[in-house]
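Subject: Structure handover

Hello,

I am passing on a structure that you have not worked with before.

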Amino acid sequence: MEVETTQLAGVMLIKPQFFEDFRGEYVETYNESEYISKGITCKFIQDDISISTQNVIRGIHGDAETWKLISCLHGKFYFVVVNCDTESSDFGKWQSFTLSDKNRWQILVPPKHGNGHLVISESTIFHYKQTTYYNPKGQFTYTWNDPKLNIWWPVKNPIISRRDEEGRFV
Ligand SMILES: Cc1cn([C@H]2C[C@H](O)[C@@H](COP(=O)(O)OP(=O)(O)O[C@H]3O[C@@H](C)C(=O)[C@@H](O)[C@H]3O)O2)c(=O)[nH]c1=O
């Protein structure tokens, strides 16, 4: 696997190796010792998936504690990471990536960063590992089109949840 830095400090792009043969494909999606050897030393304690249909945006969500390792198990999505640390000079800096079941890319998202994804394929399975247990009270939410962040999305009218429409800070 290859691990690359990105335009955002602490955010890493991981490109796992995948193997194809006449039966299909094989990918190791996580291997603790290999990730540690590449500098990804977070202790992941919870795994999650969400399944969404085309044109859905989930996010922008984050919190002050959690590292997330994001991947696309099925389909394709446009994925955005944004620095949400109001004390950082990089607040509002964002970068986008396209994750799919073809490229198998993963993104490591540090605490105080928000993430959101737009489903491009008919449906997608968004998967992530995280270093904390679910704590909805600790999470922040920015709307996908918050002018403070000014993120470019390849869509004008996404399907979003009530929380994501309001950009609630819980
Ligand atoms: C996030 C989460 C949700 N849930 C439940 C609560 C709720 O009833 C249902 C749906 O939750 P939400 O509406 O918050 O799901 P969603 O809007 O998909 O929230 C997620 O968005 C992406 C972008 C992330 O990065 C995640 O960290 C998470 O914030 O799932 C859990 O049981 N455990 C969890 O870890």
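The notes below go through confidence, the ligand, the annotated residues, the core and some backbone details.

This is a predicted model. The mean pLDDT of the chain is 96, and 98% of its residues reach 70 or more. The scores for the model are ipTM 0.97 and pTM 0.96.

Ligand surroundings

The shell around the ligand is made up of D48, S50, R58, G59, H61, N115, G116, Y134, Q139 and S161. By class, seven of these residues are polar, two are charged and one is nonpolar. Three strands, β5 (46–53), β6 (57–62) and β11 (113–119), each contribute at least two residues to the shell. Strand β6 gives the largest share, with three residues.

Annotated residues

The UniProt entry, which is unreviewed, carries the annotation "active site" for H61 and Y128. The two are spread over 68 residues of sequence but cluster in space, with a largest C-alpha distance of 13.1 Å.

H61 sits in strand β6 and also belongs to the shell around the ligand. Setting aside neighbours within four places in sequence, the contacts of H61 are G114, N115, G116, Q139 and T141. Among these, N115, G116 and Q139 are also listed around the ligand.

Y128 is found in strand β12. With 20 other C-beta atoms within 10 Å, Y128 is buried. Not counting residues up to four places away in sequence, Y128 touches D48, K68, L69 and I70. One of these, D48, is part of the shell around the ligand.

Nonpolar core

The largest nonpolar core contains 28 residues. Those with the most contacts inside it are F77, V81, V82, I107, L108 and V109. Two or more residues of this core come from each of β6, β7 (68–74), β8 (76–83), β9 (94–100), β10 (106–109), β11 and β12 (123–130). The largest share, five residues, is from β8.

What does V82 contact, leaving aside its neighbours within four places in sequence? The residues are I60, G92, W94, H113, G114, L149 and I151. G114 is also among the contacts of H61.

Backbone details

Most peptide bonds are trans, and most residues other than glycine have a negative phi. The following places depart from that.

The peptide bond from G59 to I60 is cis, with omega near 15 degrees. I60 is in strand β6, and G59 is one of the residues around the ligand.

N55 is not a glycine, yet has a positive phi of about 80 degrees. N55 is located in the loop between β5 and β6. It counts as partly exposed, with 13 C-beta neighbours inside 10 Å.

N150 also has a positive phi, of about 55 degrees, and is not a glycine. N150 lies in the loop that runs between β13 (140–141) and α2 (162–166). Because N150 has 10 C-beta neighbours inside 10 Å, this residue counts as exposed; the limit for that is 12 or fewer.

Regards

Methods:
Residues are numbered from 1 along each chain as its sequence is written. This is a predicted model: local features need pLDDT of at least 70, side-chain atom pairs count only at pLDDT 80 or more; totals for chains, interfaces and linings use all residues. A residue is near a molecule or strand if its C-beta atom, placed from the backbone, lies within 6 Å of it. Helices (H or I, at least four residues) and strands (E, at least two) are DSSP runs, numbered from the N terminus. Ala, Val, Leu, Ile, Met, Phe, Trp, Tyr, Cys and Pro count as nonpolar, Asp, Glu, Lys and Arg as charged, and the others, Gly among them, as polar. A nonpolar core is a set of buried Ala, Val, Leu, Ile, Met, Phe, Trp, Tyr and Cys residues joined through C-beta atoms within 7 Å. Two residues are in contact if their C-beta atoms, placed from the backbone, lie within 7 Å. UniProt positions are given in the numbering used here, feature names are shortened, and annotations may be inferred rather than shown by experiment. pLDDT is the predictor's confidence in each residue, from 0 to 100.
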